[in-house]
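Here's a quick briefing to read with the model open on your screen. Take a look at the fold, then work through the notes below.

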Amino acid sequence: PGFFCFCERSRQEQVSLPPSLKMLRPKLLPQVLEQTNTGGIKATLLFNTEGSLLAHAGDGIQSDSVSAVVSNIWSNFEKGNDLEWILLDLDEGRVIVTRIGELLLCLLADKGTEVGLLRVKAGVMKQYLEEPLSLIS
């Protein structure tokens, strides 16, 4: 009770970004992540697969704890699978996680936030960050 997980295997989709969007300054990363925090999304986190937090935007959460737990969940589901994203439907809200290179992007949302909105916002942020983050991975 109180826990639902849905996983989807990855599909290869390449999107080309204009050169002006290909560079990302590290100090601006939290501001970029903050743009996702609308429409019921409370926080956006970026961390590595071991759970070490690299950047986050949003208040009222224990980012280090969330990144550690979510990375563990991702690692367990990913074994032997090529995941595109994981959706967790919890008592207190919804969580979506997707991989960007060697990093994980996580959005934390209110319980009533539509799954479609979470998928779209995670997808747009992933698309925006994929190439700049690949340069530092």
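Let's start with one serine and its neighbours. Leaving aside residues up to four places away in sequence, Ser67 touches Leu45, Phe47, Gly51 and Leu53. Keep in mind that this is a predicted model.

**Ser67 and its surroundings**
- You'll find Ser67 in helix H2, which covers residues 63-78.
- Ser67 has a relative accessible area of 0%, so it counts as buried, the cut-off being under 20%.
- A polar atom of the Ser67 side chain sits 2.8 Å from the backbone oxygen of Gly51, and Gly51 is also among the residues that Ser67 touches.

**Helix H3**
- H3 runs through residues 115-134, 20 residues in all, and spans 27 Å from first C-alpha to last, close to the expected 28 Å.
- There's a kink of about 30° at Tyr128, shortly before the proline Pro132.
- Pro132 is itself one of the buried residues of H3, and the others are Leu118, Lys121, Ala122, Met125, Lys126, Leu129 and Leu133.
- What do these buried residues of H3 pack against? Their partners are helix H1 (29-34) and the strands E2 (41-48), E4 (83-90), E5 (93-100) and E6 (103-109).

**The second largest pocket**
- The second largest pocket holds about 280 Å³ of space.
- It is lined by 16 residues, and Val66, Leu90, Glu92, Val95 and Leu108 come closest to its centre.
- H2, E4, E5 and E6 each give two or more residues to this lining.
- H2 supplies the largest share of the lining, with four residues.

Methods. Residues numbered from 1 in each chain as written. Predicted model: local features only at pLDDT ≥ 70, side-chain atom pairs only at ≥ 80, totals over all residues. Heavy atoms only, no water. Buried < 20%, exposed > 50% of the residue type's maximum accessible area, 1.4 Å probe, protein only. Polar contact = N/O pair within 3.5 Å; in protein donor to acceptor, adjacent residues only side chain to side chain. Contact = heavy atoms within 4.5 Å. Expected span 1.5 Å × (residues − 1). Bend = angle between axes of the 7 residues up to and from the residue. 1 Å grid on protein atoms, 1.4 Å probe; cavity = no way out; pocket = protein on both sides within 12 Å on 5 of 7 lines; lining within 4 Å. Points joined across faces, edges and corners; volume = space filled by probe spheres on them.
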